[in-house]
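I opened my notebook today to look up a few things in a structure, one entry at a time. Have a look at it with me before we start.

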Amino acid sequence: MPYATITPAQKSQYDRDGYLIIKNFLKADEVKLLYGLATGDDTMKEHAIDLNDQSGKKTRLTLWFTPGDDTFGLLTRTERMVKSAQALLGEGEVCHFHSKLMQKEPKVGGAWEVHQDYGYWYKNGFMFPDAMLSIMLALTTANKENGCLQVLKGSHKMGRIEHNFAGEQQGADQPFVDEAMKIFERVYVELEPGDALFFHSNLLHMSEANLSERPRWSLISCYNLSYNKPFREKNTSCITPVKVVPDDAVLSSAATSLGSGTDFLSKENEITLNVK
Ligand SMILES: O=C(O)CCC(=O)C(=O)O
C-alpha cells in the first residue's frame, strides 16, 4: 500500500470541519515498532509529566521539541507527515513545533478539558492560528470506553476563545463552551492503531478519563509554518523548517528511542510557558 497523501476533497473537509481522519496512516509494522519503543523506553518515562485534571486524575505526557534521528524524530520528519501538514496549512515552510506521547493508562488516565490548542499557543505569542495544526497518531485503539478524543465539528470557525486554568490544564471559557455544545456536533474520534487525526489549532476538543482496562496511547505532533514566529516562545524548532526524510525511514533505519540530549519539556516550563 502506498503512503497516504491529502486529496483536494480531504483538504475541503478539513477546512469545513476543522479535522480530518485518515485510516491506516501508519503501517502495522510502524505502529508495533513505535509502541514497543514508547512503552519500553526509560528516557521517555523519566521525562513524563503528570498533569492533574479537575478530579485529580493524572494526564501523563512526554513532550519534546526538536525532531532528531531517533525513530520518533524520523517519523515526524517523514514526507507523509510534512506533506500532509503542508497540504492542510497551505504555503510556507513546515516546521515541527513539538511532539508528545500521550499515555492514558487504564483506570488512572485523566480527562482533558474542552480547549483549543491555540488557546495555549496564543499565549506563547503565535499570531496565526491557521498556520498551526496537530496530527494525532493512534498507537492503541482509542474508543469511547478508554477516553478517545472528542471534537466539536466545525468549531474552529469560532476563532480563539479565552482560556483559563482548570486544574493544571487550561480550559476554554465555559459560557462559550456551553453555547458551542448546543451548536456543533460532538464527534467521538474512535481510532484504530495507525489511524491519524489532523486537526486545526482552533478546533474545540476534549477527552474523558480512561476508566477502562485498556491503555490509550497516542503520539500528537504539532506543526507550524515558519512565518508564524512566536514572540514569547524560546524554542526554535517551531520556526526551523523540517529536514524531510523518506517515508520508509521509520522502518529502514535502526530502531532508536529519544536520546537523553533531547529538548524535553519539564513541568515547570509547561506551567509557565503554556506550551502543552
Ligand atoms: O489525548 C487526549 O486525550 C487529549 C489531548 C489533547 O487534547 C491535546 O493534547 O490537545
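Before anything else, I needed to know what a helix or a strand is here: helices are DSSP runs of H or I with at least four residues, strands are DSSP runs of E with at least two, and both are numbered from the N terminus. I also noted that this is a predicted model.

**Entry: a loop residue**

With that settled, I looked up asparagine 24 and found it in the loop between E1 and helix H2 (28-40). Asparagine 24 has a positive phi of about 50°, although it is not a glycine. Is it buried or exposed, or something in between? I counted 15 other C-beta atoms within 10 Å of asparagine 24, so it is partly exposed.

**Entry: another loop residue**

Next I went to lysine 107, which lies in the loop between E4 and E5. Lysine 107 is not a glycine either, yet its phi is positive, about 70°. Because lysine 107 has 11 C-beta neighbours inside 10 Å, I wrote it down as exposed.

**Entry: the whole chain**

I stepped back and found nine helices and 13 strands in the chain. The C-alpha atoms fill a box of roughly 50 × 40 × 35 Å along the principal axes.

I traced an open sheet of seven strands, with antiparallel pairing and the order E1-E11-E6-E13-E4-E3-E2. Which strands stand at the edges? They are strand E1 (19-22) and strand E2 (49-52); each has a single partner strand, so one side of each is left without a neighbour in the sheet. On average, neighbouring strands of this sheet are turned by 25° against each other, direction ignored.

Inside this sheet I followed E4 (residues 94-104) and E13 (residues 216-225), which pair in the antiparallel sense over ten bridges. There, histidine 96 stands opposite tyrosine 223 in E13. Helix H5 (residues 79-89) packs on the sheet and touches E4, E6 (132-138), E11 (196-200) and E13. The direction of H5 makes about 140° with that of E6.

**Entry: the sheet of four strands**

I then found an open sheet of four strands, E5-E12-E7-E10, again with antiparallel pairing. Its edge strands are E5 (112-115) and E10, and each pairs on one side only. The twist averages 20° from one strand to the next.

I checked the pairs in turn:

- E5 and E12 run antiparallel, joined by two bridges, and histidine 115 has histidine 205 as its bridge partner in E12.
- E12 (residues 205-207) and E7 (residues 149-152) pair over three bridges, and leucine 149 has serine 207 as its bridge partner in E12.
- E7 and E10 (residues 186-188) are joined by three bridges, and leucine 152 has arginine 186 as its bridge partner in E10.

**Entry: around the ligand**

Which residues are around the ligand? I listed Met102, Trp112, Asp117, Leu149, His205, Ser207 and Ile220. I sorted this shell into four nonpolar, two polar and one charged.

Conventions. Residues numbered from 1 in each chain as written. Predicted model: local features only at pLDDT ≥ 70, side-chain atom pairs only at ≥ 80, totals over all residues. Near = placed C-beta within 6 Å. Nonpolar A, V, L, I, M, F, W, Y, C, P; charged D, E, K, R; others polar. Pairing = 2+ DSSP bridges. Axes fitted to C-alpha atoms, helices over the stretch in contact; angles between N-to-C directions. Contact = placed C-beta atoms within 7 Å. Buried ≥ 20, exposed ≤ 12 C-beta atoms within 10 Å, placed from the backbone.
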